[in-house]
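Dear colleague,

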Amino acid sequence: MPSWLPPTTPYQPSATQLTDVTDTKLDVRFDYAHQYLLGTAVLTLRSHFYPQTVAVLDAKGFIIKSVQLVDAKANKPLTYKYDNRQLVINLDHAYAREQAYQLRITYVARPNELPAGGSEAITAAKGLYFINPVGKEPGKPRQIWTQGETQSSSCWFPTVDHPNQRMTQEISLTVEDQFKTLSNGLLITSKKNPDGSRTDTWHQSLPAAPYLTMLAVGDFAVVSDTWHGKAVDYYVEPKFKNTAKAVFGHTPEMLEFFSKRLGVEFPWEKYSQIAVRDYVSGAMENTTATVHGATIQATRRELFDNTYETSESVIAHELFHQWFGDYVTCESWSNLPLNESFANYSQYLWAEHKYGADAAALVQQQDLAHYLEEAESKREPLIRYHYANREDMFDRHSYEKGGRVLHMLRKYVGDEAFFTALNRYLNQNKFTAVEISDLRTAFEETTGEDLKWFFDQWFLERGHPELKVSHSYSNGQVLLRVQQTQDTLFQPVFRLPVTVTVWQKEKPTNHQITITKADQTFSFLAADKPTMVKFDSESQLLAQLDEERTMEEIIFQFYHAQNYLQKYEALDLLQNKTTDFAVSGLLRNALSDNFFAVRRTTLDHLRGYRGPNVSAVRTEVQRLATTDPSSVVRAQALVTLAAFPNENYTTTYQAALRDSSYLVEAAAIEALAKLPSANSRTQIAALENTPSSSLLVAIAGYYAQRGSLDQYAWFLRRLPDLTDTDLYTYLQAFGAFMVQVPVIEREKGVHTLEKLARTHPQYFVRLGAYRGLLALVPSQPDLKSVLFDIKNKETDERLKSYYNLM
């Protein structure tokens with residue numbers, strides 16, 4: 001069955017909301033040995049509309065100690081039922097909606113006794129995480145942190161765990177005195193206790209959804225900034241204190257830009273960002289306190305390889321959520337794009353503002369590629385009320401497709417109307433939960449135009465246009481034919497406003513057209529045969545294009561490109577025509593382009609080059625490998641050199657092993673693995689103690705191909721130093737390396753892989769270890785039974801699916 005057919009999963013409505021939590025006060029301390037949270041919660045509740053005699057709270061995996069009604073004279077014990085997921089409390093009488101009441105609940109939260117859960121985007125769902133709780137893992141700090149999205153805050157405090165809730169909050173954390181704490185809002189008190197501990201109290205006075213509640217505890221350095229008198233702080237491991245501002249330092253400027261662009265000043269009390277170990281997501285926009293994974297931190301040397309997408313785009317994304325997601329929140333997970341599409345689009349907006357049109361277009365190109373890759377196997381409406389699991393909403397539709405749809409909306413209505421409508425949307429819906437109709441209404445009220453067609457086809461229908469475009473010229477007219485070739489049984493015929501540019505020699509003329517049919521022809525007056533006709537010349541459509549052009553037109557397009565995407569498209573279309581002199585000249589010209597992504601793409605297309613002026617082209621590539629200011633370009637140049645047949649660039653590779661960039665060093669190691677020199681093993685061995693996780697992966701890849709038993713101990717020794725993401729690749733290289741090791745010598749390595757495949761908390765690390773073991777099966781058949789047992793005992797559905805394909 002095609003993946004874009006209507007799913008058969010049950011309808012997922014918004015939660016029935018009979019009771020609202022309006023304020024939460026928590027007093028918590030931690031049992032590190034058992035990894036428990038010991039908590040007291042005082043919740044202020046109201047009946048939503050109808051009088052209620054019971055209160056139903058989400059509380060996952062707790063031990064409930066007591067439940068009381070808070071009374072001015074004396075708290076009253078209440079009876080309750082608890083099924084390990086929900087706490088149903090019998091109130092002393094029916095409470096009308098205008099009558100607030102308070103419940104006091106003492107409890108023990110046991111997150112490690114819950115199912116791991118998780119998804120591709122958020123790899124676990126335990127809510128509260130203890131990292132190295134008793135200090136037994138060398139080199140890893142002791143930390144505690146939380147992750148509430150989607151509905152995991154109720155794993156550590158009782159609440160109504162749905163995105164359409166709103167509450168103020170106060171959290172008191174009792175911790176060891178050497179630790180820093182962070183939570184939502186402002187630190188209002190900090191006092192030392194007689195037992196040597198310290199209690200910090202954080203208060204957030206503005207209401208937000210429960211999934212945006214957070215806490216973090218650990219040994220952090222706090223680097224301070226300010227914006228408009230509000231604290232802007234960066235919490236990092238102490239060794240990264242001196243580079244924290246190099247990573248996060250654009251945050252005040254982002255706050256200024258987004259506040260002015262939206263016409264809504266950043267509304268919250270403060271803004272903090274914290275980097276934590278073993279994080280289960282990329283980053284999370286908790287109100288006033290964003291959590292990042294530890295890999296956002298960087299040493300001075302690692303900063304050389306920081307590209308926009310490495311950290312800065314993520315920082316912009318999470319900050320923009322403070323408006324779209326926190327200030328205004330999606331009413332249900334079905335409406336998640338109202339959070340994530342905007343956060344995704346902020347990455348474009350910041351790149352456009354800070355770095356210019358080319359940098360923004362690169363963001364646009366990457367987003368389209370990511371969405372189209374997913375669309376090969378999955379096509380869903382952006383707003384979808386049917387899904388197998390709410391975690392399914394965290395996909396490239398909600399993020400990348402949604403961001404591109406917002407860009408089309410901006411291009412259609414114009415900048416002034418677009419940002420005026422966003423201002424209206426934020427002001428009309430602040431501190432509330434919204435659905436897609438609220439966004440449409442804001443745009444219609446702003447523009448006076450009926451935009452139901454746009455919102456229906458892009459937010460409520462599945463798929464995207466697949467267009468075949470051709471043109472001809474006769475009798476002073478250009479005829480442009482546009483055919484929509486997508487399967488319109490399950491996807492719409494799209495209405496597409498678009499710009500077509502007709503070039504007469506060196507003069508461009510823009511024509512605005514609107515496609516409304518599956519097969520449509522447009523005509524434009526032209527005195528002479530055009531030099532080029534360019535469909536969607538602003539590169540704004542979310543579509544797959546098959547546009548007929550001659551090679552001469554494509555070459556003309558590159559030299560007259562109005563944006564980076566037009567240059568990229570020309571390079572992509574010409575990559576298999578490098579034997580042509582004109583194309584060869586174009587590629588050599590592109591190697592000197594001002595924008596690094598053009599140089600990088602050109603180098604990628606020059607791999608194995610056999611066209612004209614081979615020697616000159618290779619000399620230019622070699623020059624870029626050593627002198628280009630961009631480390632990603634230098635690294636790509638090394639990859640290209642390694643792909644040239646019958647050539648030896650060992651001297652260049654060896655020089656690159658001393659490059660300032662880890663990325664370039666890694667590329668040099670990979671090149672030397674293909675064509676090792678007499679002393680390359682010695683040079684690479686000198687890098688074995690590198691602190692760089694990514695460089696360790698490259699060295700592991702080299703030893704997997706060129707190593708010997710001498711490196712066995714190195715593989716085992718460096719295992720703790722890999723990030724989880726890099727560990728996935730490293731473990732597979734370790735398995736490939738052990739193929740060279742006699743079976744009798746493998747026991748320790750096999751045991752290490754088996755343990756990681758069974759117990760590592762990150763599912764993709766378990767997958768890497770499993771694949772490492774799989775590489776050993778041909779020479780060690782007894783491992784088949786081990787792999788079979790791992791597969792049968794695995795509880796993660798994602799991994800079980802992978803294993804069944806192997």
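The notes below go through strand pairing, a helix contact and a salt bridge.

This is a predicted model, in which local features need pLDDT of at least 70 and side-chain atom pairs count only at pLDDT 80 or more, while totals for chains, interfaces and linings use all residues. Residues are numbered from 1 along each chain as its sequence is written, and side-chain values use heavy atoms, with hydrogens and water left out.

Helices (H or I, at least four residues) and strands (E, at least two) are DSSP runs numbered from the N terminus, and two strands pair if DSSP finds at least two bridges between them. Strand 7 (residues 86–95) runs antiparallel to strand 3 (residues 52–58), to which 6 bridges join it, and here Gln52 stands opposite Tyr95. Strand 7 is also joined by 3 bridges to strand 6 (residues 80–82), again in the antiparallel sense, with Lys81 opposite Val88. Strands 6 and 7 form a hairpin with 3 residues between them, and Asn84 in the turn has a positive phi of about 80°.

Strand 23 (residues 466–474) pairs with strand 29 in the parallel sense over 4 bridges, and Val469 has Glu547 of strand 29 as its bridge partner.

As for the helices, the axes of helix 3 (residues 308–320) and helix 4 (residues 337–355) come within 8 Å and cross at roughly 120°; axes are lines fitted to C-alpha atoms, for helices over the stretch in contact, and angles run from 0 to 180 degrees between N-to-C directions. Helix 3 is therefore oblique to helix 4, a word kept for angles that are not under 35 degrees (roughly parallel), over 145 (roughly antiparallel) or 65 to 115 (roughly perpendicular). The contact (heavy atoms within 4.5 Å) includes Tyr308, Ala316 and Phe320 of helix 3 and Phe342, Leu349 and Trp350 of helix 4.

Finally, the structure holds 47 salt bridges, each a side-chain nitrogen of Lys or Arg within 4 Å of a carboxyl oxygen of Asp or Glu. In one of them the side chains of Arg142 and Glu176 meet at 2.9 Å, N to O. Arg142 lies in the loop between strand 9 (128–131) and strand 10 (143–146) and Glu176 in strand 11 (residues 167–176), so the pair ties together parts that are 34 residues apart in sequence.
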